[in-house]
Amino acid sequence: MSTDLRRRQVVGRGLPLPGNDIDTDRIIPARFLKAVTFAGLGEHAFEDARKVDPEHPFNQKAYQGASIMVVGQNFGCGSSREHAPQALLDWGIGALVGGSFGEIFFGNCTTNGMPCLTASPADLEWLQREVGRRPGEPLTVDVERREIRFAGRTITAAIPDGARNVLVDGSWNTTGVLLEAGGAIEATARRLPYVTGF
Amino acid sequence: MAQTLLDKVWEAHTVRTLPSGQTQLLIGLHLIHEVTTPQAFDMLKDLKLKVRMPERTFGTLDHIIPTTSQVRPYADPMAEEMAEHMIRNTRDFGLPLFDLDSGRQGIVHVIGPELGLSQPGMTIACGDSHTSTHGAVGAIAFGIGTSQVRDVLATQCLAMAKPRLRQVRVDGALARGVTAKDVILAIIRQLGVKGGVGYAYEYAGPVVERMTMEERLTLCNMSIEGGARFGYVNPDQTTFDYLRGRPYAPAGDAFERAVTWWKSVATESGARYDDVAHVDGSAIEPVVTWGINPGMSVSVSERIPDPASAPESDRPTYREALAFMGFAPGQPIKGTKIDVAFVGSCTNGRLSDLRAAAEVAKGRKVAPGVRALIVPGSQQVAKAAEAEGLADVFTAAGFEWRRAGCSMCLGMNDDKLKGREVSASSSNRNFIGRQGSPTGRTLLMSPAMVAAAAIAGAVADVREVLR
Ligand code: SF4
């Protein structure tokens, strides 16, 4: 495992996606879950929303190639489908900044190396507006220092310790870490009455 | 110090603290279905790993299966391919699968409790957000993504942060015609769709204590719609009576020993919560959603709210919802015309739900032009409903009686809304596009209210129908 798994900071162009409570059904409608791989989900990200709204940020030329989404409150609520972060990743997104995130979505992003940081409503509003004004300018999501930097300004952001630590040290692909517990897993199981048949 | 169920179950399943500070949590029961697992099995194969505890993993087919003819191969080639993958993967990895010919197939959150797989004091995970349902038996049960399904398959563990705990107390007593579905919709309306983020919910209070197990399953099912990844009810006599005699529940002396342990995991009196919320159960009326998330609801006697009455931060979403639904503020929800009625899903697809809907349907007729579907949550629910004549009541009233599956809850099979149809639905999500049409509209309500709407052709007050 090399250092490229570390997500100390993500730098890229921003894409503002205003609105609260955007659920994972909206990010990727269920009909695209009828597949046995995650391949090619990016082209269907927000498909229905993009159809009804030609001005949807994912349709706008200015945001093609953007890699940091600036979203509202409770983004990614609802269904646990990992297809949602997979679709965003496949589209080119590498990090998100928002007011709050659906918890399962947040975990799915983390375990795919995609940091989700939260910021205050006032800072988010500023960020969405300014990124919209200067879509070509790079934005820095500093996971390690928990801050967002844009247009000469530094915004304080938050991410829980556990998620921050695995992103920063590159251990977000959890299987290997969990396997390290070895026989302690079975030992824990054997202490549970329901495992041993009461 | 007095401990909560969350404290005790978390502690008992802690393998170790990870370098990140998260807990390596052992998962006692892993439930899998066809939609969120094929990629996980592929990852497992890439890693050349086996399933760590195959005897603690159970599979079913629910999301994509047709509910008309279930003869294979399915008419939809993608559904067939997903079923085929599930059958092959479970066979290759040596995992039990409740296939269509097992007599035990059904929606994963219906069959877990029904078979006695889900038990108090367990940790339960499934690649599905409504895994919170199983908390009704006194378990810590939560939804996970596909990479986490891989983790559980490979290690029987997850890396998790322990949430804070909020006790949600429902006081008073429910009025006639008010169901567990109305209670959870009222809770979500009060606490908000993101009110539970970072929390687990412990449901308590006289209303919850009096609920049957099936009502508690409905209650815990929608915890996730309130932002809480899991919710539970402390195990009590209702729980033990429900589990006794179920196929995977302990039997004989082991059952008595199990009850002793189950009792020991319940929250102790005097335990501290991070927060306590009070809900007045006596004030709850039948609830109907009018918007695009489950928090946007009113009592059936109320009017659709004006965005100006909402907190400022919610106003844009309110306006978006009204525009999408084509509703005007101030319009009464009662009388809203519907095109489709759907009784089913892991929220309300159990026998008691079908009984409640049948009570309304009996001797009445579905309104002309309304497509009405009854989709039992499992094969066993279907069988029991047929045996007690419910299926006949429904078909005589003009409802379609279907086979078990998720069906129109998410529209991954042929059961979908068309165009801008309005659906009265006993499911759990009214998200844009949820029921299979990008412009379809969903009104969530209890099964009895869905039946009443099917008969009236419009949102109706079940209390008036059953008077
Ligand atoms: S019934 Fe609906 S919510 Fe429940 S598991 Fe199936 S699709 Fe998900």
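A cavity, in the sense used here, is a set of grid points where a 1.4 Å probe fits but cannot get out, and a molecule sits in a cavity if more than half of its atoms lie within 2 Å of its grid points. With that in hand, let us walk through this structure, which is a predicted model.

The ligand sits in the largest cavity. Its surroundings come from chain B: H63(B), I107(B), H109(B), D128(B), H130(B), S345(B), C346(B), C406(B), C409(B), L410(B), N428(B) and R434(B).

From the shell, we can turn to S407(B). S407(B) belongs to the loop that runs between β17 (400-401) and β18 (422-425) of chain B. Is S407(B) buried or exposed? Its relative accessible area is 0%, so S407(B) is buried. The side chain of S407(B) has a partner, making a polar contact of 2.7 Å with the side chain of D415(B). Once neighbours within four places in sequence are left aside, the contacts of S407(B) are T67(B), F342(B), L373(B), V375(B), M412(B), N413(B) and D415(B).

M412(B) also brings chain A into the story. A30(A) is in contact with M412(B) and with L410(B), as well as with R81(A) of its own chain, again leaving aside neighbours within four places in sequence. L410(B) is also one of the residues that surround the ligand. A30(A) itself is placed in the loop between α1 (24-27) and α2 (47-52) of chain A. With a relative accessibility of 6%, A30(A) counts as buried because it falls under the 20% cut-off. For a sense of distance along chain A, take A30(A) and V11(A): they are 19 residues apart along the chain, and 31 Å separates their C-alpha atoms.

R350(B) lies in the loop between α12 (345-348) and α13 (351-361) of chain B. Its relative accessibility is 3%, so R350(B) counts as buried. Between R350(B) and V35(B) there are 22 Å from C-alpha to C-alpha, with a separation of 315 residues in sequence.

What about Q380(B)? This residue is part of helix α14 (residues 379-387) of chain B. Q380(B) counts as partly exposed, because its relative accessibility is 31%. Setting aside neighbours within four places in sequence, Q380(B) is in contact with G103(B), R104(B), E114(B) and L115(B). Of these, E114(B) is 266 residues away along the chain, while the C-alpha atoms of Q380(B) and E114(B) are 8.5 Å apart.

Strand β9 (residues 164-171) of chain B holds our next stop, V168(B). V168(B) has a relative accessible area of 0% and is therefore buried. Beyond residues up to four places away in sequence, V168(B) touches I187(B), L191(B), Y201(B), E202(B), Y203(B), A204(B), A277(B) and V279(B). L466(B), 298 residues from V168(B) in sequence, is 30 Å from it, C-alpha to C-alpha.

D461(B) is found in the loop between α16 (447-456) and α17 (462-465) of chain B. At 5% relative accessibility, D461(B) is another residue that counts as buried. The side chain of D461(B) makes a polar contact of 2.8 Å with the side chain of R463(B). Apart from neighbours within four places in sequence, D461(B) is in contact with P286(B), V300(B), K334(B) and M449(B).

Finally, a few backbone details. Most residues other than glycine have a negative phi, and most peptide bonds are trans. Against that background, R72(B) and P73(B) are joined by a cis peptide bond, with omega about -5°. P73(B) lies in the loop between β4 (57-60) and α3 (77-92) of chain B. In chain A, A151(A) is not a glycine, yet has a positive phi of about 50°. A151(A) sits in the loop between β6 (147-150) and β7 (153-156), and is partly exposed at a relative accessible area of 30%. F198(A), also not a glycine, has a positive phi near 60°. F198(A) is in the segment after α9 (193-196) of chain A, where F198(A) counts as buried at 17% relative accessibility.

Technical notes. Residues numbered from 1 in each chain as written. Chains lettered and ligands numbered in written order. Predicted model: local features only at pLDDT ≥ 70, side-chain atom pairs only at ≥ 80, totals over all residues. Heavy atoms only, no water. Near = heavy atom within 4 Å. 1 Å grid on protein atoms, 1.4 Å probe; cavity = no way out; pocket = protein on both sides within 12 Å on 5 of 7 lines; lining within 4 Å. Helix = DSSP H or I, 4+ residues; strand = E, 2+ residues; numbered from the N terminus. Buried < 20%, exposed > 50% of the residue type's maximum accessible area, 1.4 Å probe, protein only. Polar contact = N/O pair within 3.5 Å; in protein donor to acceptor, adjacent residues only side chain to side chain. Contact = heavy atoms within 4.5 Å.
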